[in-house]
Amino acid sequence: MSDRLDAEQVLADAVAQAGSDDLGAATWQEGYERLLASLRTEAALSELGVEVARAELVGYLANRAALTAWRQAHPAETSGAITRPIFIVGQPRTGTTILFDLLAQDPAFRVPLTWEVDKPVPPPETATYDSDPRIDVAQASLDMAESLMPGFTTFHPMGARLGQECVRITGHDFRSMIFPTQYHVPTYNRWLLHEADLGPAYTWHRSFLQHLQSRHPGDQWLLKSPAHLWHLDDLAREYPDAVVVQTHRDPLVVVASVSALVTHLRRLASDAGTLEQAAHSYADDIFVGLERGMAARERGVLPPEQVVDVQFSSFVKDPLATIGALYDALGRPLTAEVEARMRAFLTAHPGDGGGAGKRYRFSDTGLDADPLRARAKDYQDRYAVATETLT
């Protein structure tokens, strides 16, 4: 394993792939080295897992080098303004993905799609946005992942033409929750959540969006990642005019759901790890995110008029009514044409109401509900979050 995950060798492969050894500001290096150390010593990677992790690291580094070179060659083209981006920031498993996918049916929003985030260079072109050969390449990779982890897209729908999360963008700065989601890397995760400065990751995030929009612009960016909730201060510093949409759900159900998801996902790279292990790791992380988010909003890091709350229970009961209320809060018209597109998407992707009791149970986590419920009280009271029945 040591040779396959050697920092210099992985970087050399990425440089060769990109055709450039300039990765821009050196902000990526600390996270990269910390992540590699955790992968080597903690992740219990299988032989396949080593190759999966290596290929992923090479991909992030190569993309960073290629995008840096492109921006240097096209400085005027890749420095466009980003105005009033909308960020969906609720906790994992609170309806953020389906809300994101439904809003993405509105052509007024510019959404980073999976294929263009996976292979951003050269930037996508409007004329070939729906026919770019990178679409099929990205979909083939997703199909391969589904074949190796049957049922994963039931947990978390993915597709080359669907919106991609911001953690895949900030992954290029190696300050991203995507890595602890995919691998058991607790030391890296502690650094990320409690020590790392996320400012450079958001600076990179902006440059990535500028690159994507340079030849395929849109009216307003629509973005999504639960990870933003842990770092609203950094988000607000980079995007002071951002609109934040926070989804809310019973935190204990969130812990059970995200633990089941990451346990399933990590099986691609490791034969070790259990749902209980994931739950004991994620329980505190989830509450840290909720508490930081509450504290940031109390401090007014974004004006109240730039924050909209969405209840998971209301969304599940009537998605389109919830979206209508969201559009009203955003000051946007929800046209009949866009609503019809959303209804068609929802018909094709009905989901299962969150999956509680079907794909996961709190009883499988091995956690004691009582102290967690006590810790959740302030959050649930503040945002009127319903308590769900635990199974």
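Two strands are taken to pair if DSSP finds at least two bridges between them.

**Figure 1. Pairing of strands S4 and S5 in the predicted model.** Strand S4 (residues 243–248) and S5 are paired in the parallel sense over five bridges. Within this pairing, Thr 247 is placed opposite Val 310 of S5, and Gln 246 faces Asp 309 of S5. Strand S5 covers residues 307–311; four of its five residues are buried, so the strand is largely enclosed by the rest of the structure.

**Figure 2. The open sheet and the position of strand S4 within its order.** Five strands form an open sheet in the order S2-S3-S1-S4-S5, with parallel pairing. Its edge strands are S2 (109–110) and S5, each of which pairs on one side only. Strand S1 (residues 86–88) runs parallel to S4 and is joined to it by three bridges. Across this pairing, Phe 87 has Val 244 of S4 as its bridge partner, while Ile 88 has Val 245 of S4.

**Figure 3. Side chains of strand S4.** Val 243, Val 245 and Thr 247 point one way from S4, whereas Val 244, Gln 246 and His 248 point the other way. Six of the six residues of S4 are buried, so this strand is largely enclosed by the rest of the structure.

**Figure 4. Helices H4 and H16 against the sheet.** Helix H4 (residues 96–103) lies across S1, S2, strand S3 (220–224) and S4, and runs at about 160° to S3. Helix H16 (residues 319–330) also packs on the sheet, where it touches S1, S2, S4 and S5. The direction of H16 makes about 170° with that of S5.

**Figure 5. The aromatic pair of Tyr 60 and Phe 179.** The whole structure contains 12 aromatic pairs. One of them is formed by Tyr 60 and Phe 179, an edge-to-face arrangement with 5.5 Å centre to centre and 75° between the planes. This pair links distant parts of the chain, since Tyr 60 belongs to helix H3 (residues 47–73) and Phe 179 to helix H9 (residues 178–182), 119 residues apart. Tyr 60 counts as buried because its relative accessibility is 6%, under the 20% limit. Phe 179, at 0% relative accessibility, likewise counts as buried.

**Figure 6. The aromatic cluster and the surroundings of Phe 174.** Ring pairs link Trp 28, Tyr 32, Tyr 60, Phe 174, Phe 179, Tyr 188 and Trp 191 into a cluster. Leaving aside neighbours within four places in sequence, Phe 174 is in contact with Trp 28, Gly 31, Tyr 32, Leu 35, Leu 57, Tyr 60, Leu 61, Phe 179, Tyr 188 and Trp 191.

**Figure 7. Nonpolar cores of the model.** The largest nonpolar core has 85 residues, of which Leu 39, Leu 45 and Phe 174 touch the most other members. Helix H14 (residues 275–299) gives the most to this core, contributing 10 residues. Another core lies apart from it and comprises 30 residues, including Ile 88, Tyr 129, Val 310 and Met 342. In soluble globular proteins, nonpolar side chains tend to be buried together.

**Figure 8. Arg 64 over the ring of Trp 204.** Arg 64 lies over the face of Trp 204, at 4.5 Å from the ring centre.

Methods. Residues numbered from 1 in each chain as written. Predicted model: local features only at pLDDT ≥ 70, side-chain atom pairs only at ≥ 80, totals over all residues. Heavy atoms only, no water. Phe/Tyr/Trp six-rings, centres within 6.5 Å; stacked < 30°, edge-to-face > 60°. Helix = DSSP H or I, 4+ residues; strand = E, 2+ residues; numbered from the N terminus. Buried < 20%, exposed > 50% of the residue type's maximum accessible area, 1.4 Å probe, protein only. Lys NZ or Arg CZ within 6 Å of the ring centre and 35° of its normal. Core = buried A, V, L, I, M, F, W, Y, C linked by side-chain atoms within 4.5 Å. Contact = heavy atoms within 4.5 Å. Axes fitted to C-alpha atoms, helices over the stretch in contact; angles between N-to-C directions.
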